[in-house]
Amino acid sequence: MNVNKKIKSEMRESAPDLADKIAQTVDWEQIALQNTAEKKTAKSKKPLIWCIAAACCAVALCVGLLLPSFFSSNSPDGGEKKVAYAVTIEVNPSIRLEVGEDDAVIRQYGLNEDGVLLLHKENYVGQNVDDATGAIMQKLGERGFLATDSVKVCVKDGDGKTYKDKQNSIIASMESYLAVLGGGNLEPMDEEEFERIEKEFKDKNLSEYEKSLITRYQETVLELARQKENELVSLITLLNPYSDKDGKKPLEDTSFLAEVYEFAEKYDYEFDFEDDEVRGKDIYKIVKELADDLEDLTEAIEEIEKGKDEDDYKDLLKDIFKLAEEHLFSDD
Amino acid sequence: MQTDRIRKLIRELKKGKKEKFTEFYELTKGAVWYVISRKLFDRHKAEDVMQESYVAFLKSLHKVDEDGNPLAYLCTLARNKALDEYKKNAREDLTDVIEDYGGSAEMDTPLVNSPLVTLCKQKLKPWEFELMELTVIMGYKQTEVAEMLSKPISTVNRQYHEVIKKAEKLYKEAYDERK
């Protein structure tokens, strides 16, 4: 139950739908002309740095979870690309690449939790299948999967039949990567193995993996966000006594600056004043900015915390991603 | 979050991108309609004022500071237009008498269907409801509200959270009663 959301939703539903009528009344060319005279540089949202490496993994993994949705299989002209064949790679992790007629990867997804984890932060969509499988081999090597187990590969066409020629060529390409990586074992997957992977994938219902991973990373992101929230409150409390909207005289006591700089460095804020001439009005502006950010951050945290009880994990994931991007990420 | 999106849309609208207007309207119509319906109870008149407000806003886009609070500016514009319309049609009636004696004639907003807002108006103290209106409905930042009400930001922040907690308690009552 989110009071804000409920009220806003009811306000929107009560309002008439006049968008088209209004849009047609206005001279849009005139508006553009009026506003091109002086183009203000847009004040961009401050880039905020990563707090902890875990946040990287958290959000990137969340992105990885929605790879089938986010990384579109649409062609540039907007139409859906046809899957010509699918490459299944199994070494536990299990992953699948769906490939188009032009041998470019259209879609990628994990067939089990380890597969999802392996693919996180990676985007092979649009890459040539040989390049993509080579990169995957490299990643498997880095994670130590090639040392013990054989990598099994299967290529099926659109009708579910083994696409022998393509399978042989992909295996040959992957073998050349294996040679560079220093060895390992690669073999075609037999039908029984393929059926087992398919069955496990369908039975396990990957959405359950997604849900558990989303929940896990929600906690990580929330922890970071709450930490920032607490730091914002502390800093605002510290600065409040020095804040004066009309304060023009330089402040005598600037002992608080060390904490301000520490915060600014941690979260990549830019505060505009000269060291030896900090005025009450400068502090007032800083407090205002921090309070605005605190308000946004608190709202974002509340939305995610309340979203815990809802079933729409996609929406929850979007909210987590948005919070991390707007309050915890760096633009770099 | 929503404010950032509105700011981005304002930048696009300033380039004359008509196709961005629908999203802008969807994000802002709730607040604007509420502001208008506090003064006007006739739907046709309210819709006319709604349209006029947006047109006036778009025509004065070059004056809108997208880094400020564009929604607040739009709401102010709409409120003034609603007030002008109200005064145009004002007649000596009980409403005016009540207001003359310091009461509030803004009893209900029949054009807005929100049981929770109605209940909050009844049960919250006037300043609590005003704070809720300004922040939740009209989208003012707490720092702006602090300035408007000449209160410290920390006080407004604390009061805001208390008001939201009270509203959450009223939530069940508002929707159970409806059933």
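Let's start inside chain B: Arg38(B) and Glu133(B) are both buried, where buried means under 20% relative accessible area, exposed means over 50% and partly exposed is in between (1.4 Å probe, protein chains only). This is a predicted model, in which local features need pLDDT of at least 70, side-chain atom pairs count only at pLDDT 80 or more, and totals for chains, interfaces and linings use all residues. Residues are numbered from 1 along each chain as its sequence is written, chains are lettered from A and ligands numbered from 1 in the order in which they are written, and side-chain values use heavy atoms, with hydrogens and water left out.

**Chain B on its own**

- Chain B has nine helices and zero strands; helices (H or I, at least four residues) and strands (E, at least two) are DSSP runs, numbered from the N terminus.
- Of its 179 residues, 53% count as buried.
- The accessible surface of chain B is about 8800 Å², with 51% of that belonging to carbon and sulfur atoms; such areas come from the Shrake-Rupley method with a 1.4 Å probe, and for residues only the protein chains shown count as cover.
- Back to our opening pair: Arg38(B) forms a salt bridge with Glu133(B), and their closest N and O atoms are 3.1 Å apart. A salt bridge here is a side-chain nitrogen of Lys or Arg within 4 Å of a carboxyl oxygen of Asp or Glu.
- Arg38(B) sits in the loop between α2 and α3 of chain B and Glu133(B) in helix α7 of chain B, so the pair ties together parts that are 95 residues apart in sequence.

**Where the chains meet**

- Chain B puts 54 residues into the contact and chain A puts in 46 residues, with contact meaning heavy atoms within 4.5 Å.
- Together the two chains bury about 4700 Å², 62% of it on carbon and sulfur atoms; that is the accessible area (1.4 Å probe) that two parts lose on being put together, summed over both.
- The rule finds two salt bridges across this interface, and one of them joins the side chains of Lys245(A) and Glu147(B) (3.1 Å, N to O).
- On the chain B side, α9(B) gives the most, with ten residues.
- Over in chain A, Thr25(A) lies in helix α2 (residues 19–25) and is partly exposed at 45% relative accessibility.
- Leaving aside residues up to four places away in sequence, Thr25(A) touches Gln51(B) and Val55(B).

**Strand β4 of chain A**

- Five of the seven residues of β4(A) (residues 151–157) are buried, so the strand is largely enclosed by the rest of the structure.
- Six bridges join β4(A) to strand β1 (residues 85–90) of chain A, and these two run antiparallel. Two strands pair if DSSP finds at least two bridges between them.
- Three bridges link β4(A) to strand β5 (residues 186–188) of chain A, this time in parallel.
- Lys152(A) in β4(A) stands opposite Glu90(A) and also opposite Glu187(A) in β5(A).

**Salt bridges in chain A**

- The side chains of Lys152(A) and Glu193(A) meet in a salt bridge (3.7 Å, N to O).
- Lys152(A) lies in strand β4 and Glu193(A) in helix α9 (residues 191–204) of chain A, so the pair ties together parts that are 41 residues apart in sequence.
- Lys152(A) is partly exposed, with a relative accessible area of 22%, while Glu193(A) counts as buried at 15%.
- Glu98(A) and Arg107(A) also form a salt bridge through their side chains (2.3 Å, N to O), and both residues are buried.
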